[in-house]
Amino acid sequence: MSVASLRRAARESVSGLPREFWWLWTSTLINRLGAFVATFMTLYLTHERGYSASYAGLVVSLHGLGGVVSSLGAGVLTDRLGRRPTMMIAQTATAFSVALLGFMTDPAAIVAVAFLVGMASNASRPAVQAMMADIVKPEDRMRAFSLNYWAINLGFAVSSAGAGFVAQHSYLAGFLGEAALTLTCAVLVFLKLPESRPDAPLKGSRERGAEPEVGLGTVFRDGRFMGVVGLSFLISLIFQQGYVGLPVAMGADGFSSADFGLAIAVNGVLIVAVQIPVTRAIEHRDPRRLLIVSSLLAGYGFGLTAFAGSVGVYALTICVWTLAEIVNSPTQTGLVVRLSPVHGRGRYQGVYTMSWSVAALVAPLMSGFVVDHFGADWLWGACAVLGSVAAGGYWLLMRGLGDEADVVAGGGVRERRENVAA
């Protein structure tokens with residue numbers, strides 16, 4: 001492919017998206033550039049503070065539990081208070097709690113503040129996803145979600161290397177650096193992003209086509225959507241094994257932490273390198289097929305790990321499930337938006353986000369139990385089974401969602417009804 005073709009492809013990948021999206025994208029990138037706590041929490045507690053591995057595990061688990069708790073509350077705030085104020089509150093709270101965590105020395109205080117950091121840092125996600133759905137046209141949403149996911153991984157890849165260098169000199173500087181960058185995000189949201197929440201219908205309105213009021217109960221009673229949430233949990237449970245089960249298995253096989261770092265680096269590099277071109281290739285494909293195929297790739301990509309005996313083979317298996325991740329993430333996020341009523345996007349995104357947070361809690365327990373009692377090969381076999389179950393679940397749930405043309409165009413059933421009513 002010529003340089004001119006590459007330039008044309010790049011322009012087409014980023015053209016047509018509103019300016020507000022790019023400010024939101026920039027905020028996401030800055031936020032991920034400061035991802036220090038999530039990456040180095042365990043090393044900080046064990047190496048810097050001298051606490052046991054079990055205590056470090058408790059702190060990390062409570063950090064994840066904070067994210068589970070905040071997902072629902074943040075979703076409600078996103079719909080009631082608005083996308084912009086929810087993001088500002090969450091990012092400001094994250095900045096101050098991360099900075100505070102860097103100064104904590106008492107074990108109980110560290111646990112409490114880590115829980116607060118988990119709550120605050122997860123609270124902006126429903127608002128970000130809801131605002132992105134508000135400001136981007138339906139036919140451009142998969143591309144927008146892919147670009148946002150690309151920014152997350154680009155920022156994480158850069159921050160991992162930079163934060164590692166900072167940690168060698170001062171862990172406190174890492175905490176304060178993340179706090180400063182997160183506060184920068186809040187300022188950026190305040191200065192550049194207008195509120196995007198659609199005007200709510202009048203309470204008790206009986207106008208033709210008026211959307212009924214949406215509460216958390218509405219979300220939990222939505223059988224199709226909760227099925228997607230359940231499948232999202234299964235998929236997330238599989239992907240989490242790349243960071244909890246894979247290092248344990250590689251260590252048991254005699255590989256060093258450097259070997260694991262070299263292998264897992266393929267994940268970030270591949271996402272940064274091919275996320276945008278892959279999105280161009282799948283943008284107008286049937287999302288039902290994409291979700292089924294990506295589920296199978298995820299499950300059997302990890303399943304193939306049972307046959308890995310060298311760093312190179314481990315890297316090849318990572319390539320397989322990374323491709324699944326590249327396809328699944330924007331496709332599934334787009335499906336969630338299409339299943340969400342416009343005035344309930346925050347609550348729906350909050351429940352969806354919760355599925356990933358719960359998986360982050362369950363995955364370490366799952367991998368530890370299976371590896372300790374049955375061996376790593378059984379863990380990879382379980383991943384293959386979960387991927388097959390998820391693929392079958394998507395096939396069942398997506399039946400009757402709409403004809404292929406409607407789904408591919410990005411216009412979900414609920415959103416299309418609103419347009420007709422208008």
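At what angle do the axes of helix α5 (residues 83-103) and helix α6 (residues 107-122) cross? They cross at roughly 155° and come within 8 Å. This is a predicted model, where local features need pLDDT of at least 70, side-chain atom pairs count only at pLDDT 80 or more, and totals for chains, interfaces and linings use all residues. Residues are numbered from 1 along each chain as its sequence is written, and side-chain values use heavy atoms, without hydrogens or water.

**Helix pair α5 and α6**
- The two helices are therefore roughly antiparallel (an angle over 145 degrees).
- Contact (heavy atoms within 4.5 Å) involves A90, A93, T94, S97, V98, L100 and L101 of α5.
- From α6 come I110, V113, A114, L116, V117, A120 and S121.
- By class, this contact has 11 nonpolar, 3 polar and no charged residues.

**Nonpolar cores**
- A nonpolar core is a set of buried Ala, Val, Leu, Ile, Met, Phe, Trp, Tyr and Cys residues joined through side-chain atoms within 4.5 Å; buried means under 20% relative accessible area with a 1.4 Å probe, protein chains only.
- The largest core has 48 residues. F225, F239, L246, M250, F302, Y314 and W380 have the most contacts inside it.
- Beyond four places in sequence, W380 touches Q241, G245, L246, A249, F302, G303, T305 and A306.
- Another core, of 25 residues, lies apart; Y55, L101, V117 and A163 are among them.

**V278**
- V278 sits in helix α13 and is buried, at 17% relative accessible area.
- Its neighbours within four places aside, V278 contacts L323, I326 and V327.
- The C-alpha atoms of V278 and I326 are separated by 7.7 Å, yet the two residues are 48 residues apart along the chain.

Note on methods. Axes are lines fitted to C-alpha atoms, for helices over the stretch in contact, and angles run from 0 to 180 degrees between N-to-C directions. Helices (H or I, at least four residues) and strands (E, at least two) are DSSP runs, numbered from the N terminus. Angles under 35 degrees count as roughly parallel, over 145 as roughly antiparallel, 65 to 115 as roughly perpendicular and the rest as oblique. Ala, Val, Leu, Ile, Met, Phe, Trp, Tyr, Cys and Pro count as nonpolar, Asp, Glu, Lys and Arg as charged, and the others, Gly among them, as polar. Buried means under 20% relative accessible area, exposed over 50%, partly exposed in between (1.4 Å probe, protein chains only).
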